[in-house]
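User: I have a few questions about the terms used for this model. Please give the cut-off each time a new term comes up.

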Amino acid sequence: MNPEKEHKKGGSRLQKSTEKPEKQKKPRVPLTSRQKALRVVYIVVTVIAAIIVTAFAASRLLFVKPNVPTTQNRPKPPVASGEPISSDAPEINDSGRKEDFFTFLIIGRDTGGGGNTDTVMLVAYDVPNQKLSVMNIPRDTMVNVSWDIKRINSVYNVYGGGDEGIQALFDEVSQLVGFIPDFSVVVEWEAVGEMAEAIGGVDFEVPVNMNYDDPTQDLHIHISKGMQHLDGEGVMKVLRFRDGNNNTGYVNGDIGRIETQQKLLKAIVEKLLTKVTEPSTILNLAGVFTENVTTDLTVQNIFWFGQQAVLGKPPLSIDNVNFVTMPCTNKSVWSRSFAGKSYQFQSYVVPNTEELVSVVNEYFNPYLEDLDDKDLDIMYVNSDGTIGSSTGVLEDTRHNSAWAAYKSTPKETPTPEVSETPELPESTETPAPGVTPDPGATSAPPGGGGGETTAPTATPSAGLEGPTDDEPAAPEPTPTPDSGAESGPPEGIPII
């Protein structure tokens, strides 16, 4: 046999022996309707489980419940002179806190008005009961500070703004309400207008005709009374307006403006609750927040609050959003910085203690135990023009002695100039020696209007410490109250 043929034959035989015969495929048994349904259910359940796990993981990252800081996290700042404040800050209430009850100090700054914190609001969010409460603290509230002009709107700037300014404001507000708010939110006023713009504006009943022009601030407000659709710019004009041209505006001054601001903010919140689920609105609001808000809350904390408000059971309703103004009374107090000037008596408001305690306990107290007036540091004005604090400690140790010295100094009677049409500013009378100033007077420096500042505000370089040129260099006698005048704190404030 030919070897080549034998080789080929063997190769062919071996090749055939290594090949496996093809198996015949078994026909697929068709699934029954029940099996098909079970398969679909299995797939759906698997997908849903994956979504739930993913959503849970995302929620843990995106929605983070904030931790409430303790009092020790907020050290008391020194006073402007560098000396420590003598009164103690309120301590954590031993009775314990209400569950998921959070408090905030919201501070509105207007860079166009010098950066003063003319808007100070205490906010409480009761998550389990879905109640949001807001209390406006008027900018002219008298607080227990060492400098001459004692308005609360001066505190932030006196301490240089920033963290120190926030800490100082926390301290003053805590002394007014009896507890330290949990978180701070500093908002540039323009953010409110941008937020209104992001939700398409808001319909609002404007309470008065608003006409004001201030070329120095390039501020021109002309909005008619009645229902108006306000865009972002219109919202800002309504928020800023207080006194109009020719002394028109709110009859009750800054309190009237606060009432309008509250109603307008409530209208914005009401529309916001209907628009916040729209992705485009969320993105726009996030941009406004990032550019205009400074806070010690994280973004995840804010998402958590939003989640509770929108997806809560029940969700937050506008009917449960409550705005109030700190109960207060108008007072007029002599200023050593402006002694002898037509506006030497500065306008303030002082809290009505009993009413304030009641409001705080009803809406804002985060603790299980009610606060009482012993937890507060409330300023008061005696009928003889002296001032005091409910704690018995007056930070401004110079005011009462300087006022007594000023009253005892003979005043020269100026000789009036003869003119055809003399023009005298309103409320510029200087009280004669021994005359009690009118507690209800609202004298203020000229130049008030729709802008944010109507009276000089204390700054580190003006009216804080040290005598001014107009302040008499005299010993510090104890002031003698006028005959028949009351002395000591008004009813509701303990004498300590």
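User: Which residues does T119 touch, not counting residues up to four places away in sequence?

Analyst: T119 touches I106, I107, G108, N136, W189 and Q261. Touching, or contact, means heavy atoms within 4.5 Å. The model is predicted, with local features needing pLDDT of at least 70 and side-chain atom pairs pLDDT 80 or more, while totals for chains, interfaces and linings use all residues. Residues are numbered from 1 along each chain as its sequence is written, and side-chain values use heavy atoms, with hydrogens and water left out.

User: What makes T119 count as buried?

Analyst: Buried means under 20% relative accessible area, exposed means over 50%, and partly exposed is in between (1.4 Å probe, protein chains only). T119 has a relative accessible area of 6%, therefore T119 is buried. T119 is in strand β2, residues 119-126. Strands (E, at least two residues) and helices (H or I, at least four) are DSSP runs, numbered from the N terminus.

User: How do you know that S133 is buried, and where is S133 placed?

Analyst: The relative accessibility of S133 is 6%, and S133 therefore counts as buried. S133 sits in strand β3. Beyond residues up to four places away in sequence, S133 touches L122, V123, A124, N322, Y363 and F364.

User: Why are α5 and α6 called oblique to each other?

Analyst: Two packed helices are described by the angle between their axes and the distance between the axes. Axes are lines fitted to C-alpha atoms, for helices over the stretch in contact, and angles run from 0 to 180 degrees between N-to-C directions. The axes of α5 (residues 190-198) and α6 (residues 232-240) come within 7 Å and cross at roughly 140°. Under 35 degrees is roughly parallel, over 145 roughly antiparallel, 65 to 115 roughly perpendicular, and the rest oblique. The pair is therefore oblique.

User: Which residues meet where α5 and α6 are in contact?

Analyst: From α5 come E190, V192, G193, A196 and E197, and from α6 come G232, V235, M236, L239 and R240. By class, this contact has 5 nonpolar, 2 polar and 3 charged residues. Nonpolar here covers Ala, Val, Leu, Ile, Met, Phe, Trp, Tyr, Cys and Pro, charged covers Asp, Glu, Lys and Arg, and the others, Gly among them, are polar.

User: What makes α6 largely enclosed by the rest of the structure?

Analyst: Of the 9 residues of α6, 7 are buried, so α6 is largely enclosed. The buried ones are G232, G234, V235, M236, V238, L239 and R240. Their cover includes α5, β5 (202-206), β6, β7 (219-223), β8 (226-230) and α7.

User: How many residues are in the largest nonpolar core, and which have the most contacts inside it?

Analyst: A nonpolar core is a set of buried Ala, Val, Leu, Ile, Met, Phe, Trp, Tyr and Cys residues joined through side-chain atoms within 4.5 Å. The largest has 43 residues, and F104, V192, M210, V235, L264 and I268 have the most contacts inside it. Helix α7 (residues 254-275) gives the largest share of this core, 5 residues. Apart from this core lies another, of 37 residues, including V155, A168, F170 and V359.

User: How do you know that M210 is buried?

Analyst: The relative accessible area of M210 is 0%, and M210 is therefore buried. M210 lies in strand β6, residues 210-214. Its C-alpha atom is 7.8 Å from that of V238, 28 residues apart along the chain. Leaving aside neighbours within four places in sequence, M210 is in contact with I221, H222, I223, V238, F241 and Y250.

User: What makes P366 count as buried?

Analyst: P366 has 1% relative accessibility and therefore counts as buried. P366 is in the loop between α10 (353-364) and β13 (379-381).
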